[in-house]
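Hi there,

Here is the structure I promised to send over.

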Amino acid sequence: MDLNFRPEYKDFRKEVEAFCNKWKGVYFKNASNSPLLDLTSSGSNEGNKIITRQKWQKILIENGYFARSIPKEYGGFGGENDEIKNRIIASEFAYHGIPSPMSGQGIDMLVPTLLELGTEEQKQKYIKKTLHGEMIWCQGYSEPNAGSDLASLQTKAELIDGKWIINGQKIWTSTAQYSQMMFCLVRTEPEAKKHAGISYLLIPMGTPGIDVRPLIDMTLKAGFNEVFFTDVAIPEENIVGKRGEGWAVANATLTHERGSLTNPNATMSRVNALIDRMKEDTINGIRLIDIPVYRDKLIALQAKVTAFQSNSLRVLSAKLNPGQDVKMAGMIQKYYGTELRHELEGFAVDVMGELGTLYEDSPLPER
Amino acid sequence: MYFGLSEEQQFFKDNVNKFLNDHASLDIVKKIIDNNDLDIKNEIANGILNLGINSLLVPEKYGGLGLDLLFAAAVSQSLGENVAPFSFAGSYVMAPIALSLGGNEDQKNKYLNSIVNNKMKFAVGFSEYIAARNNFGFLFKNNTVSGKSIFVLDVENSTHLLIADEAGQIGVININDKNIKLTELTTVDKTRTYFEIQFEKALVDILEETKSNINAVTRSIDAGRIVLAADSLGASEALLTKAVEYSKERKQFGRAIGSFQAVKHMCAEMAADLEPCYSLVWHAAHCFDNIPDESRLMSCHAKSHVSDVSKVIAKKATEVHGGMGFTDLMGIHYWFKRIGVNRQNLGSPETIREEAAKIQNL
């Protein structure tokens, strides 16, 4: 066991820390334009740090806190990939409550795919705009009858006179209503076997024949959409990989999928926020933190999140030390993180009692 | 940066595993327990000691190997995995740490050297310091002690007794002292033994440093907790492996029961719950030697969390085995019960979580 990082990382952490202190309280003036942007707004507008989301994205890239290893010519920082630095950035940002870079299907999934499998033209055309938040993407995978069994999808595209003509329907399409582009799986080879008949197309959302219908979810917001295609025509070159290779292209993308739920430091920040709250709020004059039942559950959750942090260090170690086999440790992160977060947020609601049921736009009783 | 067991630690762990596989299969463990066969039990204990287990944590200055706690955690994992009929946490982890930190030079020379050459073995009775149940606590007075310690670890084959009073002072008592009375307790876990010990003005050699500070007793308890967590971790690993194997062999409705999602998901959940426990225990053991600021809290988290996870795994793994799960023939209960006793030793999860809260000034 060696948990020491080389001295340069100490300096790097200091640098990131200084950046975080400088930008504490940064606030986005276009935060309400899209749920994507809402996700990471910091909620405080003190200190005149109101900027646009795109500007923030640019600042992060210039400092190397986002798109670190993506070449400059495609709009990235152009540095080397460094897992430890990535960790330091994520943990300092989480600790200081600094908004993360924009995320979304385009940044998280399409960009890595294009870097790996896209043509030079596609890289030039899409990566920079996507990274800089100027081009929002949605992912057209799921269909009403193709969920877990994704490869049974039926939306079809036929090549007619140098254009793909697309007909069919997608569902669960996050952010489709705000997107300029969609990367989409369609059936192009109806005669081929299930997995071999799929192609990966890039579809401009402004093309005639596309109908986006928001799906209102339990938060009463449209987190998802249904997208209908009627004779939608797009250029032949808007394909990644070859005809019938879409399944492999999509799988290359899936390995890049990430989520904040797998970041144990963000979860620990939530625990710390809850502890602060429990020190302030009282029931019958007794601080919540002093009520044994809550106290015990809180520490049990803290222990579980600590275990998650340790597990994550082990996963990091395996990335840095080729040959180290961590078997299950990497595989469980998404599941474990999701369950843990559910447990934690559920406990937080219980601790707050009736106040825990208030919706985000409700007035809060003064303390 | 490297997170995990080193090659040497893995080697140590594998050695213990191999020895136990060769000499202490479940059949043999059962034989020892059913017939109270102390000869085989001692043979196994000697075999384990020959691997160097006794001197693992004794500083080199006193003839030991001077290794860090992660070695002990790795060894303990193997002991739990094999439900070894061998008591480790008290005599070979808590005792050397308590003596190293609490003793003056004379005491260290006398006691630590004797642990290394197997002339002395220490039982450990710290329960009253952790939480004095029903007022069973005691205080040393003029180098004597009266009262009782109700759950003393590793008494078997011990020559001396290491007890902590309510103030955190640690004292050594000769096990042959006429003024103490030993009563063997019968717990659900028959692989290890526990005693209640009564003292009536028994003579105590108080470890010099512990008269002025509680470092020795808290460090010793922290280490004991980590090692017990490792024991439960190993036991849980064994149970999960057994459950998965059984679910692949056992057929019902013409197919392996593991092919049913109800069973398969239960196994996957056990795996997901257990996996971070390896990291937590190793991390806590690493902090014990290298990151003192985090050490106490990590030890609390490791013991309480692994105890909770192990309890659930003991239950689910038994369920996967259906009715066979609670037969003596299958023997799942040996791991089940070992986990049950580890959970209470050196503080139940609730007791430890309260300590964890206090450590953080909450």
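This is a predicted model: local features need pLDDT of at least 70, side-chain atom pairs count only at pLDDT 80 or more; totals for chains, interfaces and linings use all residues.

I48(B) touches F19(B), L20(B), I53(B), L79(B) and F86(B), leaving aside residues up to four places away in sequence; contact here means heavy atoms within 4.5 Å. I48(B) sits in helix α3 (residues 38–50) of chain B, where helices are DSSP runs of H or I with at least four residues, strands are E runs of at least two, and both are numbered from the N terminus. With a relative accessible area of 0%, I48(B) is buried (buried is under 20% relative accessible area, exposed over 50%, partly exposed in between, using a 1.4 Å probe and protein chains only).

Residues are numbered from 1 along each chain as its sequence is written, chains are lettered from A and ligands numbered from 1 in the order in which they are written, and side-chain values use heavy atoms, leaving out hydrogens and water.

Two backbone spots may also interest you. T175(A), not a glycine, has a positive phi of about 60°; T175(A) lies in the loop between β5 (163–171) and β6 (181–187) of chain A and is buried at 12% relative accessible area. In chain B, N143(B) also has a positive phi of about 60° without being a glycine. N143(B) belongs to the loop between α7 (127–130) and β2 (144–153) and is partly exposed, at 39% relative accessibility.

Best wishes
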